[in-house]
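Hi everyone, thanks for making time this morning. I'd like to walk you through one structure, so please have a look at the screen with me.

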Amino acid sequence: MTMLSITGVHAFYGHIEALRGVDVEVKHGEIVTLIGANGAGKSTLLMTICGNPRAAKGRIVFDGEDISAKPTHEIIRSGIAQAPEGRRIFPHMTVMENLLMGAITSEPRYLDEDLEKVFALFPILKERREQRGGTLSGGEQQMLAIARALMSRPRLLLLDEPSLGLAPMLVKQIFSVIKAINAEQNVTVFLVEQNAYHALRLAHRGYVMANGRILMSGTGKELLANEEIRSAYLEGARDTKGRRS
Amino acid sequence: MAYFTQQLINGLTLGSIYGLIAIGYTLVYGIIGMINFAHGEIFMIGAFISIIAFLVLGILGVTWIPLALLIVLIATMILTPVYGWALERVAYRPLRGSPRLAALITAIGMSIFLQNYVQLVQGARIKPMQPVISGGFEIMREGSFTVALSYLQILIFVVTVVLMVVFTLVIARTELGRAQRACEQDLGMAALLGIDVDRTISLTFVMGAALASVAGLIFLINYGVIDFYIGFLAGIKAFTAAVLGGIGSLPGAMLGGLLIGLIESFWSAYFTVEYKDVAAYSVLVLVLIFRPTGLLGKPDIEKV
Ligand SMILES: Nc1ncnc2c1ncn2[C@@H]1O[C@H](COP(=O)(O)OP(=O)(O)OP(=O)(O)O)[C@@H](O)[C@H]1O
Ligand SMILES: [Mg+2]
């Protein structure tokens, strides 16, 4: 069953057309990934789902409801959360306060339970809970960004390059956490990644974007096997793949 | 010593007024990074709404002072914020995201507009008011000089302290306060967490105006005269106080307000009244040379 359906969406920054007619579908329970070169419009698509920038043309339907004209906070309150590009942790707030910010839309009675859940996923955050966000390491900030997004109990989680700048060990850890969130907490995930190899292996389905348009889509396996994609986005990943599979 | 004590009391009274206005500057600057130059006029409107409320109560025959004061306080704290709210809604919101200079010029324009509006509907002559509270304690005597702490001043301190505590708690503890702090650090991210940014900004203007309106009421009953122009100087002083304390910092605004009040009062007492403003601004310049973020402002050195 379709959870998020994006049809013919265009979006602009001033006169720059960053999305030029995008169609994407995400089904309940899926992990879907979006890959593409720098400047393709991936982050813009995630932000457009959240209403900033607004879709100038086209429709975005979430759980049967057209959200393309709604203000950002209402879209979020309808069950979408995003860990955006650049993490955007509140630097002057502690880890705990950042998590509470994430919980601002959810009912207070779930608070303790939800904190337990994210601390179980990211034990380091529990150790660091009184530390200020701005002083966390890059990897810890990434975990905090994901944890903060989870605190709103989303049905759909949007992640923008969660593995960016992380050491290989941490990349694996982040991807296994995403898998756990999806499988155990029943959260649908729409994920933008540069790390195409890992992302396509993790995802049920994937989309490839270039110049504000979707070039290709298919299951993770199909896209991984596609020659064009391998040469364009999986350079250097080939030998890794050889070793693993 | 007696003279010193008297000046201290006067300085604290003045400082309460500046501090209450300064909070409005600092809250708005913190959240949208603009200097709301029309905020002094909101204070002036608060004073006018207070005097009108007193007149109406007089006509209605409400003469028991504590009750009258309470009604006037509530009236001005409800009605003045309507102006603060409308100011943001009409003049500033359409400009959000445009260059800072545009917002600044608009703010100056709104300041002039509000002055003229009050001058037009209320007249340009000064409005005097009978003292509503008289009497007090004599707390010290030195020769022929007595130090008086009036009931009015006690009331001013109590009201100021209570309001500052309440607003500090609102910002520290409530969901609105948390939303304000999130907006202060990253408006876009706050929206991505489901915070209604427009509403939070509106409420910030409302809070600032409510505090300024109390300052207006205090000004009215303490000095007994107001006109449409009082917002200009008080606004600049309070703005100076906010910068001195560290713009964006709530305790900084309170501290800055008290300091500016004390500096003015002591300078006029021991040196020359004519140069009291120069003294206040000089202290500001000195502080900014050595601490560009103001006394309690937080320097932005952290990695993000
Ligand atoms: N705030 C903005 N103002 C103007 N142009 C923007 C803005 N944000 C993005 N763009 C432009 O829109 C296009 C798409 O950008 P976007 O950030 O969506 O790309 P991306 O696929 O996420 O790239 P990356 O992989 O580098 O993160 C780019 O050409 C970019 O320059
Ligand atoms: Mg991006």
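Let me start with a question: in chain A, where is confidence lowest, and where is it highest? The lowest value in chain A belongs to helix α11, residues 237-244, with a mean pLDDT of 44. At the other end is strand β7 of chain A, residues 156-160, at 97. The pLDDT is below 50 over residues 237-245 of chain A, and beyond near neighbours in sequence that stretch has eight contacts in the model. Where pLDDT is low, the predicted coordinates should not be read in detail. For chain A as a whole, the mean pLDDT is 91, and 96% of the residues reach 70 or more.

Now to ligand 1. There are 14 residues around ligand 1, and those that come nearest are K42(A), S43(A), T44(A), E85(A) and Q194(A). Sorted by class, that shell holds five nonpolar, six polar and three charged residues. Let me point out some polar contacts. The side chain of N38(A) has an N or O atom 2.9 Å from an oxygen of ligand 1. Backbone atoms take part too: a polar one of A40(A) is 3.2 Å from a ligand 1 oxygen, and one of G41(A) is 2.9 Å from a ligand 1 oxygen. On its own, ligand 1 has 630 Å² of accessible area, and the protein covers 62% of this. Two elements of chain A give two or more residues to the shell, namely β2 (16-27) and α1 (42-49). The top contributor is α1(A), with three residues.

Next, the two chains together. How many residues of chain A are in contact with chain B? The count is 26, and they meet 21 residues of chain B. About 2,300 Å² is buried between chain A and chain B, with carbon and sulfur atoms giving 60% of that area. On the chain A side, F90(A), H92(A) and I104(A) lose the most area to chain B, and together they make up 28% of what that side buries.

Before I stop, two backbone details. Most residues other than glycine have a negative phi, and most peptide bonds are trans. Here, the peptide bond from N52(A) to P53(A) is cis, with omega near 5 degrees. You'll find P53(A) in the loop between α1 and β4 (57-62) of chain A. R87(A), in the loop between β6 (80-83) and α3 (95-102) of chain A, has a positive phi, near 70 degrees.

Thanks, and I'm happy to go back to any of these views.

Conventions
Residues are numbered from 1 along each chain as its sequence is written. Chains are lettered from A and ligands numbered from 1 in the order in which they are written. This is a predicted model: local features need pLDDT of at least 70, side-chain atom pairs count only at pLDDT 80 or more; totals for chains, interfaces and linings use all residues. Side-chain values use heavy atoms; hydrogens and water are left out. pLDDT is the predictor's confidence in each residue, from 0 to 100. Helices (H or I, at least four residues) and strands (E, at least two) are DSSP runs, numbered from the N terminus. Contact means heavy atoms within 4.5 Å. A residue is near a molecule or strand if one of its heavy atoms lies within 4 Å of it. A polar contact is a pair of N or O atoms within 3.5 Å; within protein, one must be able to donate a hydrogen and the other to accept it, and residues adjacent in sequence count only if both atoms are side-chain atoms. Accessible areas come from the Shrake-Rupley method with a 1.4 Å probe; for residues, only the protein chains shown count as cover. Ala, Val, Leu, Ile, Met, Phe, Trp, Tyr, Cys and Pro count as nonpolar, Asp, Glu, Lys and Arg as charged, and the others, Gly among them, as polar. Buried area is the accessible area (1.4 Å probe) that two parts lose on being put together, summed over both.
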